[in-house]
Amino acid sequence: MSYVAACRLSVVVSQPQINPPLRSFWFGAAFHILRNPFQPAPLCVYHLQATGRALASTQPSGASSSASANMGSKKVQPFGSWRSPLTAELVSGASLRLGGAAVDSDGHLLWVEGRPAESGRSVLVREATKGGFMEDITPKGFDVRTTVHEYGGGAFTIAGDTIIFSNYGDQRLYQQTLKGDRSPVALTPAYDGPVVRYADGRVDLKFNRYITVREDHRKVGKEASNEIVAIQLEGDPNTEPMILVEGNDFYSFPRISPDGEKLAWIEWSHPNMPWDSAALWVGQISVDGTVINKVCVAGGDQTIIQAPTEPCWSSKNKLLFVSDKDNGFWNLYQWVEGNNVQPLYPLDAEFTRPAWNFGNSSFSFIETDGVPSGSQVACTYRQRGISYLGILDLSTNHFSPIQTPFTTIYNLFAREQYVYITAGSPTYSICIVKINWKNSTGKNEFSVVWSSDSIDIAKFQPYFSTPTVIQFPTKVTGQTAFANFYPPRNADFMQPEEEKPPLLVRSHGGPTSEADATLQLSIQYWTSRGWAFADVNYGGSTGCYGRPYRERLYGNWGVVDVNDCCSCAEYLVATGEVDGQRLCIDGRSAGGYTTLATLVFSHTFKAGASLYGLCDLSVFQEDTHKFESHYIDSLVGKGELALRERSPINFLENLTCPVILFQGLEDKVVLPNQAEMIYKAVKAKGIPVALIEFEGEQHGFRKAENIRYTLEQEMLFFARLVGGFEVADDITPVHVDNLD
């Protein structure tokens, strides 16, 4: 086998100024309602609206002005060598991030939009008013993002015409009005750097204050402290917030009852993650604003393992939440007087997702005349990788489906007759959808208000691969796992007879996370060039399968995930879908660990790419942030021996194939020393390895130029090593120390 040998490259790129042309979306009016990604149901017609506004250009130089394919003149060319209009430049600049959404007092939708073309800056945007364009609310110099738990979420709140948001640079809270002077005004003290952080807050109208989660890093050499605090909305911003709840390791979801009398919240402690074991508490807000008479609603009984989450009050001060205590699936529950908890609509389905970020919202009370109902709840749940949406009547426990073309729904909230969802499908990238669920015509009309893709998706459809959910046998007798499989597709090319495509297997991050089938341009980048792609939901994945599937990984990280990724590849080889001699694997964060573990603990794959992945679990446990500092106790086990036996760095004698590594130099979750260690060790062993480091990047790349460079170099690395073909793109490869 010929190898691309070792190199190390540090990339520092300045962001060019881009003139913003018009951005527009257009979606056809007829859709199949997908029960799963590969089996359409009968045709159903919906009303859609086109929206547009000015954003950064993503049209690559040299790209065809029209991506429509000439279906009658396909070229015969080897897999992997196909030319695609989905260039790395287009993909990296087109995919925006979504950081939450809400509605202002005038009924206008606002959302946080992360922009790769602005070095990953996150901006609060308001939807277009009649006859106008979308507008940025966040002024230059501000970045709406929090780093609580490092993963953030819950970075802003809207109360009437007032926005409260966390600014990324200093992590202070700022107040901004939507009317008049929009200049942000600081609410919290300035410290020496972003050492005090805030997330997931709500306005307490009774005391004119903001109740939120605080993470305090001011005690050098000690673990950060987490509390629920109250911040006055008027007065001296240098005043220290009032601590309302403290003493546990972590807090989330501080939620105030409509009458202002009670506060609900979630808390948990080491070594648990919030999806392992947590507790829901309710306290009374006293006349002086403190929280007294605290009661544990769910999670206080140590004999019953559960992970309650998402407390939400109705207008009648009823408290609903989600827990997995009865059937192992996250279902809806209600807390009633006498500290009784009642299940609502039991189902083997997941009504929420693991709380990696703040701000999950899987259900919302329906409003009537501006007041949330106490009996009707809009909710979403997932079964076997597919999301469902509907209205649950609490008085009858009847679920009325709302049919949409979306197979993935992340978050939801309701205002008046509208339900807003964050959604996607194999033909839709992540978008915000506004649904009129009680239209007088009887149809659930909806409009796509925002899309994460700032390009005209329709003209690239001939180059999109539609995934199939595959279920394959694992190495444990009687067990199966799942993956979203994307065959190669490009309307301009076809493969030579008898050739099978190379395969890229992806192991998702978390590892307590999920690979869904939402349209991702970064995946289509591969499939439109002639690669097959498998996004694996290995044992330990969440969102669809319940606690038993999630806990397959406990004590077995580096075993179950490795075996399932190998089993997926072997299954696709056995069924004739891919070339068994051209198997590659990649992953981000925990998926990067799975990639490295797969390469040293098995010989299924011919090359791998780790993006900010772990190689030494002992070092990770010592160096990582508070949120995950005990996570490995559950995943691997306690003790140095357990950590050593699962660390790829200790078993490099088994490594026989090349690796490329990508790492952000400001990563606080997986420190850069992890990539440095594996790079030096593999290079010393004489096996080809490349380490590409990005200044200014944290855990997950946000800058367009770095996303582009990563896509191009990973693809070229695999093509040179195992592909046996020339790529169509003009890419300068990284230097090869041991070969070039």
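A: A cavity here is a set of points, on a 1 Å grid over the protein atoms alone, where a 1.4 Å probe fits but cannot get out; lining residues have an atom within 4 Å of a point. The model is predicted: local features need pLDDT of at least 70 and side-chain atom pairs pLDDT 80 or more, whereas totals for chains, interfaces and linings use all residues. Residues are numbered from 1 along each chain as its sequence is written, and side-chain values use heavy atoms, without hydrogens or water.

The whole structure holds nine cavities of 30 Å³ or more. Strand E36 (residues 480-486) gives the most to the lining, with three residues; strands are DSSP runs (E, at least two residues), numbered from the N terminus. The lining comprises eight nonpolar, three polar and four charged residues, where Ala, Val, Leu, Ile, Met, Phe, Trp, Tyr, Cys and Pro count as nonpolar, Asp, Glu, Lys and Arg as charged, and the others, Gly among them, as polar.

Strand E29 covers residues 386-393, and six of its eight residues are buried, that is, under 20% relative accessible area (1.4 Å probe, protein chains only). E29 pairs with strand E30 (residues 398-401) in the antiparallel sense over four bridges; pairing requires at least two DSSP bridges. Asp393 has His398 of E30 as its bridge partner. Four residues lie between the strands of this hairpin, where Asn397 takes a positive phi near 60 degrees.

Key. 1 Å grid on protein atoms, 1.4 Å probe; cavity = no way out; pocket = protein on both sides within 12 Å on 5 of 7 lines; lining within 4 Å. Points joined across faces, edges and corners; volume = space filled by probe spheres on them. Buried < 20%, exposed > 50% of the residue type's maximum accessible area, 1.4 Å probe, protein only.
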